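Trainee: I have just opened this one and have never looked at it before. Could you walk me through it while I click around?

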Amino acid sequence: MSLVTQFVAELIRAANEADKLTPFEVKRLLNRSVATIRDMREQTGIPGSYRVKDVVIDLQVAAARADTLAAHEIRDNLLDAADIIRTLKIILDGKPD
């Protein structure tokens, strides 16, 4: 299992236990997600967006607000991160060397 696949699984497990996570754990997972998404976007050649609707911006805002997020908001953000990372992995796996 690749590191990316393991991280996606970690995000999904954490989302399923969102009510048990500390704000520190939420912030750490979201910040790792942001870094992973940026790195994978760079590898795929997909540019990020500095517009309001970029998922990276949403995840950064959520990480900054980790201590005030409700469990459902934590779950939704972690699942969004997992979905984007999984999609980028599929693109990278299909990209010719």
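Trainee: Which residues is Thr44 in contact with, leaving aside its neighbours within four places in sequence?

Mentor: Keeping in mind that this is a predicted model, Thr44 is in contact with Leu88, Ile91, Leu92 and Lys95 once its neighbours within four places in sequence are left aside. Thr44 itself is found in helix 2.

Trainee: And does Thr44 count as buried or exposed?

Mentor: Thr44 counts as buried, because its relative accessibility is 13% and the cut-off for buried is under 20%.

Trainee: OK, what about Ala71, where does that lie?

Mentor: Ala71 lies in helix 4, and with a relative accessible area of 33% it is partly exposed. Apart from neighbours within four places in sequence, Ala71 is in contact with Ala18 and Asp19.

Trainee: Which of its residues are buried, and what covers them?

Mentor: In helix 4 the buried residues are Ile74, Asn77, Leu78, Ala81, Ala82, Ile85, Leu88 and Leu92. Their cover includes helix 1, helix 2 and helix 3.

Trainee: Leu78 is on that list. Which residues touch the most other members of the largest nonpolar core?

Mentor: Leu78 is one of the two, together with Leu11, in a core of 27 residues. At least two residues of this core come from each of helix 1 (3-16), helix 2 (23-44), helix 3 (55-64) and helix 4 (71-94). The largest share, seven residues, is supplied by helix 4.

Trainee: And Leu11, what is it in contact with?

Mentor: If you again leave aside neighbours within four places in sequence, Leu11 is in contact with Leu29, Ser33, Leu78, Ala81, Ala82 and Ile85. Among these, Leu78, Ala81, Ala82 and Ile85 are also buried residues of helix 4.

Trainee: Switching to helix 3, which residues are buried there?

Mentor: The buried residues of helix 3 are Val55, Val56, Leu59, Ala62 and Ala63. They sit on the same side of helix 3, because the arc they cover around the axis is only 125°. These buried residues pack against helix 2 and helix 4.

Trainee: What share of the residues is buried, and what about the surface?

Mentor: Of the 97 residues, 33% are buried. The accessible surface comes to about 6,200 Å², and 54% of it belongs to carbon and sulfur atoms.

Trainee: Last one: what share of the contacts with a separation of 6 or more comes from residues 24 or more positions apart?

Mentor: Such residues account for 69% of those contacts in the protein.

Notes:
Residues are numbered from 1 along each chain as its sequence is written. This is a predicted model: local features need pLDDT of at least 70, side-chain atom pairs count only at pLDDT 80 or more; totals for chains, interfaces and linings use all residues. Side-chain values use heavy atoms; hydrogens and water are left out. A nonpolar core is a set of buried Ala, Val, Leu, Ile, Met, Phe, Trp, Tyr and Cys residues joined through side-chain atoms within 4.5 Å. Buried means under 20% relative accessible area, exposed over 50%, partly exposed in between (1.4 Å probe, protein chains only). Helices (H or I, at least four residues) and strands (E, at least two) are DSSP runs, numbered from the N terminus. Contact means heavy atoms within 4.5 Å. The arc is that of the directions from the helix axis to the C-beta atoms. Accessible areas come from the Shrake-Rupley method with a 1.4 Å probe; for residues, only the protein chains shown count as cover.
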